[in-house]
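Hi,

Here is the structure I promised to pass on to you. Have a look at it first, and my notes follow below.

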Amino acid sequence: MIEIRGLHKRFGKNIVLDGIELVVPRGKNTVVIGGSGTGKSVLIKCVVGLLRADEGEILIDGEDATKMDERELVRIRRKFGMLFQGSALFDSMNVGENVAFSLRRLHLYPERQIRDVVEEKLAMVGLRDIQHLMPAELSGGMKKRVGLARAIAAEPEILLYDEPTTGLDPIMADVINDLIISLRELLGVTSISITHDMASAYKIADQIAMLYKGKIVEVGTPEEIRNTRNPVVSQFVEGRAEGPITAEHEEFVRFVRRSGETGTQGGR
Amino acid sequence: MTDNRKRNGVTAFLETFGTRVFRMVEDLGNLFVFLLQCLTWMFRPPSEIRNIVKQMEEVGVNSLPVVLVTATFTGMVLALQSWSGFQRFQATSFVGTVVALSITRELGPVFAGLMVSGRVGASMAAELGTMKVTEQIDALVTLATNPVKYLVVPRVVASTLVLPVLVVFADLVGVLGGYFVSVYLLGANPYVYADKTYQYLEFRDIYTGLVKAAVFGFLIALISCYNGFIAQGGAEGVGRATTKAVVASSMTVLVSDYFMTSYMF
């Protein structure tokens, strides 16, 4: 189980996370939704320790990851597997070496077994006989699946998905959705996905949380989120162009334009 | 508004200048932290022997042709130039000495350093920069691997070990280049030339050159990896990082060369 309490993260003057409160139950898929640039990626990167939180706690099975030094983080990170948005396959290695990477680093299997173990992991994501291919030879969907095989290779307890369906065609996106669901059922992993693809969110989520302006504004089951009364959440999940989110956005754009004009006047 | 109007040329200049200086100091600080990380991980087991060997091949074997050609021509031009100088006071017999000393003490290591800055520095910064912007470095972290240990340490170690070896070859062909030009083009007596080359050359001349080379190798790899690691903003960012790596490491070679020379003279 992961508990996030009062998580803050800023870059310079830009406050990205402003007190996140979120409980991720064990063995369930939690999906965090939110617009582009609202800090969804920052949130999961804080959870896995790629970014250091400024304030707050991230309890992973009761241990606070924000207070850990590098050595403890290495230990806690072994619980995690992560699928990156662009798959982030190592392009100097072939598919087999990519999937086997953590197995070899952690010496989990003797070298002669690795090939078979890798084939088994690739089979779990519906691929076979592609170990010799280089990442550049794969399609986007295949890259995602290889990335997923690599993430599950060392049998993590927690999986993090960074926009798993972005950039894929609808059919391939649904293949990935099915994989995410089957991995939860097969391996019993806890997972956090971030996405703005609502079809995917409804399909894979046990729990959906909406991130808006650095805070979690609503948490609920897919059904609850679909019937939400919160105007911000309902605008987002229904994908309407008009509503509180865009109103504020337009207000912001007008503000920037105004201050831009005064700025140029002052410069003269 | 009023503040804006009052801001004249001088303050604007100072502001830009100050920001630049501030950024430079910040950059140096970050580089220093990077250096410390690199040193810490260098001595932590397990060692990355296989990666080090791979990088030695990349840095050494692949740079050898460039370094050899540069050194040969440097030796040759040095012979021509010092011949025309020494001829004016009938001291052409010392051309061999001058070529040997200049190559081993100075030009061998510096030119090898500059060539490696261009070739290897650029490729390290571009490779690591691409890995950074495509999240491959983040992926390493999530796969139980410290990126500094896995990517930076092998490059720095390999480059530190290999550059002196490159310079040994550079010294050799540089001196030979000078010999051939003097003997076959300028008609120097081969025995006298060889004798004068050997007579005044001390072991010290050679090993100070090799120490310099090792330091250059260390700095080039460190600076180039650092610039790759801080790359951001897609292909453009990688390009910027690469340029910065080459410029910074070439400059560092020349500047550190002066200080090492003044110390080891």
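Let me begin with burial: 40% of the 268 residues in chain A count as buried. Please keep in mind that this is a predicted model.

Chain A is built with 10 helices and 10 strands. Its radius of gyration is 20 Å, close to the 18 Å from the globule rule for 268 residues, so chain A is as compact as a globular protein of that length. The C-alpha trace of chain A spans about 70 × 45 × 40 Å along its principal axes. If we take the contacts in chain A between residues at least 6 apart in sequence, 64% of them join residues at least 24 apart.

Next, the interface. Here 19 residues of chain A are in contact with 13 residues of chain B. On the chain A side, the elements giving two or more residues are helix 2 (70-77), strand 6 (80-83), helix 3 (95-105) and helix 10 (244-267). By class, that side of chain A has 10 nonpolar, six polar and three charged residues.

Finally, a helix pair within chain B. The axes of helix 3 (residues 49-86) and helix 6 (residues 147-185) of chain B come within 6 Å and cross at roughly 25°. An angle under 35 degrees counts as roughly parallel, and helix 3 and helix 6 of chain B are therefore roughly parallel to each other. The crossing of helix 3 of chain B past helix 6 of chain B is right-handed. Their contact comprises 26 nonpolar, 12 polar and one charged residues.

Best wishes

Terms used: Residues numbered from 1 in each chain as written. Chains lettered and ligands numbered in written order. Predicted model: local features only at pLDDT ≥ 70, side-chain atom pairs only at ≥ 80, totals over all residues. Axes fitted to C-alpha atoms, helices over the stretch in contact; angles between N-to-C directions. Helix = DSSP H or I, 4+ residues; strand = E, 2+ residues; numbered from the N terminus. Parallel < 35°, antiparallel > 145°, perpendicular 65-115°, else oblique. Left-handed = near helix turned anticlockwise from the far one by under 90°. Nonpolar A, V, L, I, M, F, W, Y, C, P; charged D, E, K, R; others polar. Rg over C-alpha atoms; globule rule 2.2 N^0.38 Å. Buried ≥ 20, exposed ≤ 12 C-beta atoms within 10 Å, placed from the backbone. Contact = placed C-beta atoms within 7 Å.
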